[in-house]
Amino acid sequence: MMRQLLRYLVCFVLVWLNSLCFGQVIRARIVNAKNGQPLQKQQVSVSLLYDEGGRSAASNGRVLHVETGASGQAEFTLPQPPPPHLSVQVTLTSEYWRCGCMALATTQDVIQKGITVVEPSNEAKKSGQPLQAEPGEILFYARPLTFLERLLYPLVKQ
């Protein structure tokens, strides 16, 4: 009986350690700030930022590119050892959207707490429960331009 219990304990520890050996998955999610709907087919780039002595110069600043899916999510697997800092940038496909599309965060904060880049609009807060970033996730809120902003956009663009 004791031998079998020890065998199960060893298997459990090996499975638990195995999950630590694989890279951590980070998600970037982009949603409409007005209604909480996901934005799909948006480009997301993640730069892996290492400290000076942490990694070789060749791997420092490595950039990963992914497009969001139907759920508005893009997933990245971090290498081992994970970088101490991440820089995440969203490139919206339409010029008629606005967002705080850049985040610079510590990897530990993203993994443990999650990061929300821009808070939802008052309309979204009133209409329902606003979305919160989950651990391992960076949540971006994008909003469509207002009518007046769309009229003035060609003048500002130049």
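## Overview

What percentage of the 158 residues of the protein count as buried? The figure is 30%. Buried means under 20% relative accessible area, exposed means over 50%, and partly exposed lies in between (1.4 Å probe, protein chains only).

This is a predicted model: local features need pLDDT of at least 70, side-chain atom pairs count only at pLDDT 80 or more, and totals for chains, interfaces and linings use all residues. Residues are numbered from 1 along each chain as its sequence is written, and side-chain values use heavy atoms, leaving out hydrogens and water.

## Fold and surface

The protein has 4 helices and 9 strands. Both are DSSP runs, numbered from the N terminus: helices are H or I with at least four residues, strands are E with at least two. Along the sequence, the pattern reads α-β-β-β-β-β-β-β-α-β-α-β-α.

Contact means heavy atoms within 4.5 Å. Take the contacts with a separation of 6 or more: 64% of them join residues 24 or more positions apart. The accessible surface comes to about 10,300 Å², and carbon and sulfur atoms hold 57% of that. Such areas come from the Shrake-Rupley method with a 1.4 Å probe; for residues, only the protein chains shown count as cover.

## The nonpolar cores

A nonpolar core is a set of buried Ala, Val, Leu, Ile, Met, Phe, Trp, Tyr and Cys residues joined through side-chain atoms within 4.5 Å. The largest one holds 23 residues, and Val 44 and Phe 140 touch the most other members. At least two core residues come from each of β1, β2 (43-49), β4 (73-77), β5 (85-91), β7 (102-106) and β9 (137-144). Another core, of 5 residues, lies apart from it; Val 31, Ala 33, Ala 133 and Tyr 141 are among them.

In β7, Ala 103 and Ala 105 form the covered face, while Met 102, Leu 104 and Thr 106 form the uncovered one. β5 and β7 pair in the antiparallel sense over 5 bridges. Pairing requires that DSSP finds at least two bridges between the strands.

A disulfide is a covalent bond between the sulfur atoms of two cysteines. Here the cut-off is a pair of cysteine sulfur atoms within 2.5 Å. The whole structure has 1 disulfide. Cys 99 and Cys 101 form it, with their sulfur atoms 1.6 Å apart. The torsion about their S-S bond is about 130 degrees, so the disulfide is right-handed. Cys 99 is partly exposed at 22%, whereas Cys 101 is buried at 15%.

Arg 29 sits in strand β1 (residues 25-32). Is Arg 29 buried or exposed? Arg 29 is buried, because its relative accessible area is 13%. A polar contact of 2.9 Å joins the side chains of Arg 29 and Glu 137. The term covers a pair of N or O atoms within 3.5 Å; within protein, one must be able to donate a hydrogen and the other to accept it, and residues adjacent in sequence count only if both atoms are side-chain atoms.

Gln 73 lies in strand β4. It is partly exposed, with a relative accessible area of 25%. Beyond four places in sequence, Gln 73 contacts Arg 29 and Glu 137, among others. Gln 73 and Leu 139 are 66 residues apart in sequence, and their C-alpha atoms are 9.2 Å apart in space.
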